[in-house]
Amino acid sequence: MLTGAAGKLGRIVLRDLLDHGFSVLALDQAPPPGLTDADDAQFVRIDLTDHGAVTEAITGRIEERGGPFDGVVHLAAIPAPGLAPNGTTFRNNSAATWNVFDAARAAGIRNVVWASSETVLGLPFDAAPPPYAPLDEEYRVRPESTYSLVKSLEEEMAHHFCRWQPKLTMTGLRFSNVMHVEDYARFPSFDADPRLRKWNLWGYIDARDGAQAVRKALQRKGPGVEVCIVANADTVMTRSSASLMAEVYPDVEVRKELAEHETLLSIDKARRLLGYEPEHSWRDHV
């Protein structure tokens, strides 16, 4: 089951899962683009803040859309700060995630993957610089917006769901800024001012690589909750990562020798835990 199946990342995740032999029940407020009768997928229009509707969907009780389901991928949300009033963002995103987690537990589903966010790392780095680079999962979350606060609460929520149900596997993917191929045309303009993209340490995630991370997280073995940063292996800049840090964040500790365009959002844990390895780069398209 996939929530947010019509979203910027969700539609790519849906196609990737189908192409790799998964059957998918797609949930969203609008149909995912590109689905055909040949696809092993069904769509249900749903309000994820409605606990009863979510429970009915995940427990397989919607007519002709029945389970059982082996896993749940939860991507649906108001997708960024500033798109709705803060109270609306909090009510929508927190309720939707609680409903999905709770319904999955009630249905006996043992594998849940959900979209966390790079924003929990302290983005944008306007209030305070990053504590070190490359950033990893080892320091306490630093939400700077209501959107990010909810993502932080989701991670804490998952911890307790796994405490309540020790056989549950939950994987939170801290996605960087999601990009499609058509977005790459503007990347060269970032070089004019390195501060334009300092807010997330010049990171991004190609939606196709984001989908790879979701698929591999669904295949993760072992109970408990884990969170992983998911970014591409490079930055959005043509300049070296070391020179960017030296100019924009000269007082921030750089904890390793950096490759030329190496991401400053460490993906070492995703590589180790999930077998994730980015296959795409904006440099292949511009």
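Modeller: A patch joins residues with over 30% relative accessible area and no salt bridge, like charges within 9 Å and nonpolar side chains (Val, Leu, Ile, Met, Phe, Trp, Tyr) within 5 Å; a salt bridge places a Lys or Arg side-chain nitrogen within 4 Å of an Asp or Glu carboxyl oxygen. The model is predicted, so local features need pLDDT of at least 70 and side-chain atom pairs pLDDT 80 or more, whereas totals for chains, interfaces and linings use all residues. Numbering starts from 1 along each chain as its sequence is written, and side-chain values use heavy atoms, without hydrogens or water.

On the surface, a nonpolar patch is formed by Phe90, Leu149 and Leu153, with about 230 Å² of accessible area together (Shrake-Rupley, 1.4 Å probe, only the protein chains shown as cover). Leu149 belongs to helix α4, residues 146-164 (DSSP runs: helices H or I, at least four residues; strands E, at least two). Leu149 counts as partly exposed because its relative accessibility is 37% (buried is under 20%, exposed over 50%, partly exposed in between).

Turning to the backbone, most peptide bonds are trans, and most residues other than glycine have a negative phi. Leu123 and Pro124, however, are joined by a cis peptide bond with omega of about -10 degrees; Pro124 sits in the loop between β5 (111-117) and β6 (132-133). The bond from Ala133 to Pro134 is also cis, with omega near -10 degrees, and Pro134 is placed in the loop between β6 and α4.

Leu201, though not a glycine, has a phi of about 55 degrees, and Leu201 is buried because its relative accessible area is 0%. Trp202 lies in the loop between β8 and β9, with a positive phi of about 65 degrees. Trp202 is likewise buried, at a relative accessible area of 0%.

Key. Buried means under 20% relative accessible area, exposed over 50%, partly exposed in between (1.4 Å probe, protein chains only).
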